[in-house]
Each structure stands twice: as C-alpha cells, then as structure tokens.
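Have a look at the sequence and the structure first.

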Amino acid sequence: MIGLIFGDTSFPTKILKKIKKKRLKYLIIDLSKSKKFKKDKRSYSFSIGQFGKIINILKHNNCKKVLFAGKVSKPNFSKLKLDLKGIYYIPRIIKASKLGDAAILKEIIKILNQQKIKTVSSISFNPELSLKKGNYSKIKPNKEDKKDIIIAITTLNKLGNYNFSQGTVVRNKKVISIEGKSGTEKMLKECKSKKFRNNGVLVKFPKKKQDLRVDLPTVGLKTLKQCKIAGLKGIVLKNKQNVFLDKSKCINFANKNKMFITVKWKKYLY
C-alpha cells in the first residue's frame, strides 16, 4: 500500500494513472485546494493541520511509504482546521512556511519519518516523466545561447543554501530575473520583451538544499508557451532532476517555434 499525498497541478493525475495501470494498492491524502480527487473511493480529504487523522489513516491501512506530488500552497493558518496532533506540530509548519512552500513539504516529511513512514521519490512510478541528458528539439543552443546558459547556471550555483529559487532567465549575457517566491510564471511575465524575440534562456535546476524526492523543477507545455511570450529561445534542465509534463506536445511546440529544450549533466557547463 502506497500513500499518495497529492496537491494541485496535473502531475498527481499522471502518477495515479500509472499506479492504477499497475494495479497497485493505494490511498490518497488529498491536500489540493479544489479537492480534485474527491470522486476516488480511496481518497481522503484533509487540511494540512489534521496530522492526527492523516497519520491514523496511513497506519490503519498499513502505509509504510508515501509519495508527494503536486503543489501544496501555504495555508491560511488562522483558518486552518487542527486536530490534537495538528496543534502539536503546527508551530513547526508555520516556521517552515517562512522559507516557502517547499519547506512545508520538507517539514511534513520529517514528521512522517518520526512516525516510521518513509517518503519515496515523486517519480518512483513515472521515471519517464524525467528527462535525461541531451537535446530534445531540432534547434540546439548556439554559441551565444551557451554563454547565456553558463551565466544562468553560475548564477543559480552562487545562490545561498536556503534560497528558494529554482530558475533564472538570462538574455544577451545579462541576468534578467531570478525566480522569487511567486514562482516561474510570474518571473517569465516580468521578462517579457517587445524588443527581443527568440532570444534568451530559462534555466530550471533544483535548489541547493532541495529534497529531490519532492518539489523537483516542473516544466510543461504551459511553461514553453510562457517562454515564447517572454521572447525566450529555450529551456535548460538538469539530468534526471526534473518533472517534464506533456513531452511530445512540448517538443512539437519547441520545434514549431524554433526553440530548444536541453538537459545538462555532471558539471552542467559546456
């Protein structure tokens, strides 16, 4: 029995589809805002503060392993439903929330680990959703693109250990933007340029202190379209440390719009 702790985005849906195909035993802890899994008979909807109920459900069903997928946003703590264990653990969650959404997940993992419930990688059942090293589009980065990529990767490498940034945009050897707490979408909107078209790169790598079992940088067709609107030429990810949704649609979109999709490895530099 695997416990699936799901938030928002389409990633959890793809995991669930694969688990059902393999006919594996599962239960869902639905933490999504829209309660998108409520129709599933094996789904349980809770607030992030109901740790007692969550842990009891997992243990009652002999779930010794859990998988996290999807976005779990910072809750409104003043309106949060709490049980007794929630009251006990909530100060830790509030403290973690100040470091961002990913820190909340990390703290929940620690709490579950104390209950002898192990967390496995979010791509355990869907390794095909993580791209390996290589170029996935017809267009490849040219010399100028490679200079932008080196600057972007170097910028991310220089960020502090507790920085929450997964991405940066570089255009014409200049850092245009570094991802903030608001995420990639807002950063790309701020990078929109009327002057430049098909110029610049988005690099998305895991954060330095990131737990690679959860919160891997996620890219999909929406990201590619946002990059196109921002006037960027391509996306660079890190080997096997990404979640890449809608692969064929993304590649087709990149080829049609003369963009590149590249995955780096080892030293991550050219």
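## Two helices side by side

Start with helix α7 (residues 221-229) and helix α8 (residues 247-256), which pack at an angle of about 20° with their axes 9 Å apart. That makes α7 roughly parallel to α8 (angles under 35 degrees count as such). Axes here are lines fitted to C-alpha atoms over the stretch in contact, and angles run from 0 to 180 degrees between N-to-C directions. Helices are DSSP runs of H or I, at least four residues, and strands are runs of E, at least two, numbered from the N terminus.

Who meets whom? Leu221, Leu224, Lys225 and Lys228 in α7 meet Lys249, Cys250, Phe253 and Ala254 in α8, where contact means heavy atoms within 4.5 Å. The residues of this contact split into five nonpolar, no polar and three charged.

## The nonpolar cores

Now for the largest nonpolar core: of its 27 residues, Ile29, Leu58, Phe68, Ile108 and Leu112 touch the most other members. A core is a set of buried Ala, Val, Leu, Ile, Met, Phe, Trp, Tyr and Cys residues joined through side-chain atoms within 4.5 Å; buried means under 20% relative accessible area (1.4 Å probe, protein chains only). Helix α4 gives the most to this core, with six residues.

Apart from it lies another core, of 22 residues, including Leu221, Cys227, Cys250 and Ala254.

## About the model

This is a predicted model: local features need pLDDT of at least 70, side-chain atom pairs count only at pLDDT 80 or more, and totals for chains, interfaces and linings use all residues. Residues are numbered from 1 along each chain as its sequence is written, and side-chain values use heavy atoms, leaving out hydrogens and water.

Conventions
Parallel < 35°, antiparallel > 145°, perpendicular 65-115°, else oblique. Nonpolar A, V, L, I, M, F, W, Y, C, P; charged D, E, K, R; others polar. Buried < 20%, exposed > 50% of the residue type's maximum accessible area, 1.4 Å probe, protein only.
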